[in-house]
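This report describes selected features of a two-chain model.

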Amino acid sequence: MTLLSVANLTTTFRTGSGEAAAIENVSFDLNEGEILGIVGESGSGKSVTALTIMGLLPMPPARVVSGTIMFDGRDLTRLSDSAMRRIRGPGIAMVFQEPMTSLNPVFTIGEQIMETIAAHERLPRAAQFAHAVELLDKVGIASAAARMSDYPHQLSGGQRQRVMLAIALSCRPKLLIADEPTTALDVTIQAQILDLIMDLRDETGMAILIITHNMGVIAETADRVLVMYAGRVVEQAPVAALFDQPLHPYTRGLLSCVPTLEQSMPRLRAIPGTLPEPGRRPPGCRFAPRCPLAIPACAAALPPFETHAPGHAAACIRIGA
Amino acid sequence: MADQAATSPTWTTIKRLLHHRLFVVGLALFAIVALAAILAPWIAPLDPNKLAMRARFQPPSANWLFGTDNFGRSLWSRVIWGARLSMMIGASVVVINAVFGTLIGALAGYFRWLDNGVMRVNDALMAFPAVLLAIAVTAVLGPSLGDVIIALGIVYTPRTARIVRASVIVLREMEYVQAAIASGAGHFRILRRHILPNAMAPLIVQLSFLFAVAVLTEATLSFLGVGAVPPTPTWGNIMAEGRQYISDAPWIVAIPGAALMLTVLGLNLLGDGLRDVLDPRLRIQP
């Protein structure tokens, strides 16, 4: 069943030189219990998509120009501030990229978890404490009861991200948005946190939107993938299909940037050029100036987002060329 | 939990402060003045306004510890009762500043739409020289103890508000504030739990300097005759009255002057120590 349905979402930012669209016409669905990955370079609009869903963008300068975000039967773009606040936590929770600064340095982690519990549920203090210990245990913090009185500076980065997950889980959210949850962590810890996120999905049945620029993270966790480039969705596919048969030249470029062990190559193939700024995007396909397959028609008009296989769609007129 | 006491930030801060030598000196100086103020009725039982015309201009001696003034009043009593007044005014101004400065600064820093309006009024108040503004306020309200406190509160609250606002603007963008919003916290909770506790360090430092500045300004005002009305003894008006006898009876001016200097010095050392320990990057011009 569809839990989150984003349709034609466009968010702009007011800048010195007028309104710049950070994301344009973004559409996707997320089912209950599903993990959807959004992948793209810095500036592709993946974080703006997440923050728009959470209603966490400062408005102004940001503005949702068009589109709907249907979550649990309600359009989040039309909710009042206080109604949105009640969605955050029990409806949608979020973990951020930087676990070192995501916890308040002056309170113990126990206090911070219990605070979130108390904000959404009336429970006696002893029950709050027990629930918090249970959550810490669930996210794999050893001797959880003893760690409750630790301050954030006493924990490692991986432990802090576990605590952040415990806080996010404390209200039993239906949807968890993880914005680059492992980017700031060591590689070995990354794998542990990703495993944990998948375990938690299996256990709680919540849907997860995972945002990353790391193809490895996508391959490991996601069920379906959305590839974003310069504020637009360029390809959407089940994870296996994306890695086996990437359709969009940008996706292929991203995948060939990843080193593999199977074939040896002298150098990794980087995509030439850089992401265009929001104000200076080309009129046609955004990727055309960097695309090895581009023809004049690419720069003339935006390519339609077409389905090429069940569940597999891409926005490119050169597919099969 | 014993473990918590050993590692809690408050406890480590206290331990580090006690290892800071100048902080301890400042604390001792301040404690002496504060104790003298609190214990005034017991250590200076002689009425500070009791005249003894036969004992005019007595230099400090075993009989008259700090000597006497032109009316033969005991300077020991007058300086100690003056300390009581200075401490009371200093403490009241600090409390007023802590409450209103934090309130105004936090609201202006957190709600951006309030910022411009509130801070322009703030800037306008800060543009006046402190003593001049204080004289203007007491001129309107009348020179009494309560009015001096209100005047100094009005004069110095904008500075505190500015410091709190600066901290709040930085803290508002911290990831843990974002994380708190993302888990459904409201404005009030975010300010109270996530922003203000983290803005405390620079505020505490500022308030310790402010205490010194308030004591000094109060002395200036009463020296100029716009503070508490004579014969209420204040360090400022003792010095003002003793000024004309400075060549014959220098102790009348020197003793309250020294008391004022040591109090301000003590509070500044205290503030420096707090600043070094709480936030080494912070540099405040008092």
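Helix α3(A) is twelve residues long and spans 18 Å from its first C-alpha to its last, close to the 16 Å expected at 1.5 Å a residue. The model is predicted, and this holds for every value given here. Within α3(A), the buried residues are I109(A), G110(A), Q112(A), I113(A), M114(A), E115(A), T116(A) and I117(A). Their cover includes α4 (125-138), α5 (144-147) and α6 of chain A, and also α10 (187-223) of chain B.

Helix α3(A) also takes part in the contact between the chains. Chain A contributes 26 residues to this contact and chain B contributes 20 residues. On the side of chain A that touches chain B, at least two residues each come from α2 (81-87), β6 (92-95), α3 (109-120) and α6 (157-169) of chain A. The largest share of that side, four residues, is supplied by α3(A). By residue class, the side of chain A that touches chain B consists of 14 nonpolar, seven polar and five charged residues.

A pair of packed helices lies in chain B. Two packed helices are described by the angle between their axes and the distance between the axes. For helix α3 (residues 21-38) of chain B and helix α12 (residues 251-278) of chain B, the angle is about 140 degrees and the axes are 7 Å apart. α3(B) is therefore oblique to α12(B). The crossing of these two helices, α3(B) and α12(B), is left-handed. The α3(B) side of their contact is formed by L22(B), F23(B), V25(B), G26(B), L27(B), L29(B), F30(B) and V33(B). From α12(B) come L262(B), T263(B), L265(B), G266(B), L267(B), N268(B), L269(B), L270(B), D272(B) and G273(B).

The make-up of the two contacts is set out below.

| Contact of α3(B) with α12(B) | twelve residues | five residues | one residue |

The last item is one residue of chain A. H248(A) sits in the loop between α9 (239-244) and α10 (249-256) of chain A. Why does H248(A) count as buried? H248(A) has 26 C-beta neighbours inside 10 Å, and a residue is buried if 20 or more other C-beta atoms lie within 10 Å of its own. Not counting residues up to four places away in sequence, H248(A) touches V227(A), V234(A), E235(A), A314(A), A315(A) and C316(A). H248(A) and T15(A) are 233 residues apart along the chain, and their C-alpha atoms are separated by 31 Å.

Note on methods
Residues numbered from 1 in each chain as written. Chains lettered and ligands numbered in written order. Predicted model: local features only at pLDDT ≥ 70, side-chain atom pairs only at ≥ 80, totals over all residues. Contact = placed C-beta atoms within 7 Å. Nonpolar A, V, L, I, M, F, W, Y, C, P; charged D, E, K, R; others polar. Expected span 1.5 Å × (residues − 1). Buried ≥ 20, exposed ≤ 12 C-beta atoms within 10 Å, placed from the backbone. Axes fitted to C-alpha atoms, helices over the stretch in contact; angles between N-to-C directions. Parallel < 35°, antiparallel > 145°, perpendicular 65-115°, else oblique. Left-handed = near helix turned anticlockwise from the far one by under 90°.
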